Each structure stands twice: as C-alpha cells, then as structure tokens.
Amino acid sequence: MSAPDDLTPRAASLDAADPIAAARSRFTLPEGLVYLDGNSLGALPSHVPDAVADVVRRQWGHDLIASWNTHDWWGAQTRAGDAVGRLVGAAPGQVVVGDSTSVNLYKCYRAAARLRPGRRVVVTDPASFPTDLYVLESASRDDGFEVVHASPPDVPALLEERGHEVAFVSLSQVDYRTGERWDVAGLTAATHAAGALALWDLCHSAGVMPVDLDALGVDLAVGCGYKYLNGGPGAPAFVYVRRDLQADVRNPLSGWHGHAAPFDFGPEYAPAPGVTRMRVGTPPLISLLALESALEAFDGLSPEQVRAKSLSLTGFFVECLDRLGLLDDGPDDGAGTGLRLVTPREPDRRGSQVALTHPDAYAVVRALVARGVVGDFRTPDVVRLGFAPLYLSHADVLTAALALRDVLAGGEHLRQEFLERARVT
Ligand SMILES: *Cc1c(COP(=O)(O)O)cnc(C)c1O
C-alpha cells in the first residue's frame, strides 16, 4: 500500500530543510534498512574500521608496548572523556571513559553515599533500567543504606518530607522503556535544596540532546558508549564527576589506573587528582579507541541541532501514526489496532524514541524486522523504536510507519515464525 498523498512530499520537504542531513553520509548502513535501534547499538561510522585497523595493525602489531606512550594509550580514557563531555555539557577534566555503565553506577553509588555520611536514604525510580536497580541494591547492602522508590514526578514531594535523610537521588534522564524525558534541571534543583547529591544516568540521552551537566550543577553522571554515541558493541561507558567534588570523591574500586603514581608500584593506594581517580584497571583499548574515533561523527554538530532533528523525527513518526489511523485511543475492546502510544506527545517530555504497546508486541517487532525496519521489544508489550538523528531521515520515518501499517493490516505478526522468542530481544 502507498502513503496518503501528502506524507511523501512532507517527508521530502522536512528532509530538504534538515540542516544536519549530510551527517548520514558519515555512517555505513545496509542498503534499504531502516535502523531504529540506535538506542541499543548505534550504527557504524564509516571511518571507524580504518581507525580500528590502525590500532590493531600499527599500534598493537608494530609499535606494541611502546604505544602506551607513543600513541598515548594511557591518556585515552580522559581524552575520550573530554570528547563525550562536549556532548553532555561538561568542561574538560570531568569525564572518564571506561568500564561498563553497571560498574560505573556501582562506583558512583558508593562514592555518593560516602559524600553524605549520616544520611541513610537513597532515592531511585522503580522503573529504572534493571541493572541500575540491581547494582543499587548491591551497593546498598555493602554500605547499609535504604533504597526508597519514587517515580520522578513524586521525587520533589518525597524530598520535602524526608530530604534531610537522603544522601543522593539516582534517576535516568530518559526512561528506557517509555521514552519519557524527565526534567533534569528541576529534579537536580530539588535534590540540591534537600542537601542531597544528584546522580543522572544518561544512557538514552548522551548523543541525542543537550544535557548541560555543568550548568545544572549535576554531581555525578554515567552513560553508555554503544548506544547513541555509536562506540560499537560493548564499547566502554563514561562517568562524570563535577569538578568541585573530585577531591573528595572516593572510588570504591581503587585500582591502579586510578592511582596518583601507578608506576611507583607502591603498596598503598593514593587516589589520582581529578576525575582520573574514577579509573580502575587496564581498559579494553580497542573498544575504547573505537569509541574515541566514533565520536568524530559528531564533529561540527551542536547538541541543540541534534536535538531539533531528533524531535522532528519522533514528532513526524507520531504524525504518521495519527494520519494512518494506527493509534487506538478508545476502550480496550479488541476492535481497534491494539497499538497505543506510550511516549508523551509533548516534545519537551520526549527522549529520542517512540514506544508503543501492542498485545503481540514481540511478533510485531519481528514482522517489522522481516520488512527491513529494525526496532526492539521490551517486556511485556512494548515496541520500542529509537530515532538516531545523525543517520535517519524523515523518509526513513515514513517507511517505518508504512511498514507498521502493512504488518498490522496484513496480520503479518500473527505468523507462527514471529512468535518464538530469541535469546536477546
Ligand atoms: C543500556 C543501559 C544500561 C546498560 O548497562 P551495561 O552495564 O552497559 O550493560 C544501563 N542503564 C541504562 C539506563 C541503560 O539504558
């Protein structure tokens, strides 16, 4: 089936007016694929294979151990950190790349708890990504603090009441399932008013919107390297520590790469000055240098331009769903399409994804993949579509919406082959 008459020219005019459309040519994607999973694994920037080949062939293969100095492998964690910092509003010297998001969360939780001795409560959103919750439970057992759950809109009232007991508030800027974007400025201010520390997880915001960490006075932050930063599978994550806190922050995983004088090989730990103390042990250099190289795909693009494009893509997708009559807003009586919009319509409250619920969400995602539109499924019933502003066009968005219409209209998702769950969804 074709598109309603005006949607194709509308996509074309939005693309013609897109100031960052040329960034698409910086990426390698299979011909004809509409890739809406950059929030799980970002696409490959075209220059990265040669950069990685150089790391492997020349730096590792030829220069060997000398590369720690000659190619400054030692400085890669803070160099890449500063590059990430430019995307999240952090001046140099406050971000380190290394370890996974899970490990960085553990470091931050315990570091934050120690910065507020005497306060025994920490606050988090029960809808957080599971690893954030699991690791917080484990840190709370190690340090003996109490975890209190509150949805972000309920956090200010909780702080009014119990703020004097709260050591830190740990939240994600964008909900990984619903795509709802929370108010970092307001929630950070409420947290500070209670004398607590604000820790933000930027996994679904770094690389798609301005974050303004320094300007908002955020204390600690973490985020993922392999999602919208396009660092490649298993790319290391990042951790931010506000400059004024750095001298007092204690990394609970006090490894030798965070030592003030690692090559003295002394028996006792002494933390490095600055954010470098958040390092632990030898980083996965091939991955780290791949991420550092991948970040060049953002050269010349401001976070504001990237955000404007992101909102234009998600807004146009919702517009297409409306125009194609794909969204149910009536009673749940089985008469409609079964597809409901979970992500808020207000641009301010939206991350860079659109989440839809459907009773057969898993099979819908599989049927879309079979049509060359790649999104993912999140239990129990969410079709999750991520819109990476650097390599998607409005024409791609329309293609995805039409594919969704055709899947549902043709009952393609009812096919047996789409029902069986793969190991990774
Ligand atoms: C993707 C994601 C993670 C992933 O953590 P890893 O340690 O890289 O597996 C953690 N938290 C959030 C909010 C995420 O979106």
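Modeller: Let us begin with a term: a cavity is a set of grid points where a 1.4 Å probe fits but cannot get out, and a volume is the space filled by probe spheres set on the points. Please note that this is a predicted model. In the largest cavity there is about 50 Å³ of space.

Colleague: How many cavities of 30 Å³ or more are there?

Modeller: The count is 2. The second largest cavity has a volume of about 40 Å³.

Colleague: How do you know that the largest cavity lies between domain 1 and domain 2?

Modeller: Domain 1 (7–31 + 301–419) and domain 2 (50–298) both give residues to its lining, so the cavity lies between them. The lining residues are L87, G207, V208, M209, F298, L301, S302, P303 and V306.

Colleague: Which classes of residue make up the lining of the largest cavity?

Modeller: There are 7 nonpolar and 2 polar residues, and no charged ones. Gly counts as polar under the rule used here.

Colleague: What lines the second largest cavity?

Modeller: Its lining consists of G207, V208, Y228, N230, F298, A388, P389, L390 and Y391. Domain 1 (7–31 + 301–419) and domain 2 (50–298) each supply at least three residues to this lining. By class, the lining of the second largest cavity has 7 nonpolar, 2 polar and no charged residues.

Colleague: Why is helix α12 called largely enclosed?

Modeller: A residue is buried when its relative accessible area is under 20%. In helix α12 (residues 361–370), 7 of the 10 residues are buried, so the helix is largely enclosed by the rest of the structure. Those buried residues are A361, Y362, A363, V364, V365, A367 and L368.

Colleague: Against what do the buried residues of α12 pack?

Modeller: They pack against β13 (373–374), β14 (376–378), β15 (382–386) and α13 (394–409). After α12 comes G372, whose phi is positive, near 85 degrees.

Colleague: What makes a set of residues a nonpolar core?

Modeller: Its members are buried residues of the listed nonpolar types, joined through side-chain atoms within 4.5 Å. The largest such core has 102 residues, of which F317, L356 and L404 touch the most other members. The largest share of this core, 9 residues, comes from α13. Domain 1 (7–31 + 301–419) and domain 2 (50–298) both contribute residues to this core, so it lies between them.

Colleague: Which residues does F317 touch, not counting residues up to four places away in sequence?

Modeller: F317 touches V354, L356, L385, F387, V397, A400, A401 and L404. A second, separate core of 27 residues includes Y106, A111, L115 and L136.

How values were computed:
Residues are numbered from 1 along each chain as its sequence is written. This is a predicted model: local features need pLDDT of at least 70, side-chain atom pairs count only at pLDDT 80 or more; totals for chains, interfaces and linings use all residues. Side-chain values use heavy atoms; hydrogens and water are left out. Buried means under 20% relative accessible area, exposed over 50%, partly exposed in between (1.4 Å probe, protein chains only). Helices (H or I, at least four residues) and strands (E, at least two) are DSSP runs, numbered from the N terminus. Contact means heavy atoms within 4.5 Å. On a 1 Å grid over the protein atoms alone, a cavity is a set of points where a 1.4 Å probe fits but cannot get out, and a pocket is an open set with protein on both sides within 12 Å along at least five of seven lines; lining residues have an atom within 4 Å of a point. Domain bounds come from an automatic or database domain assignment.
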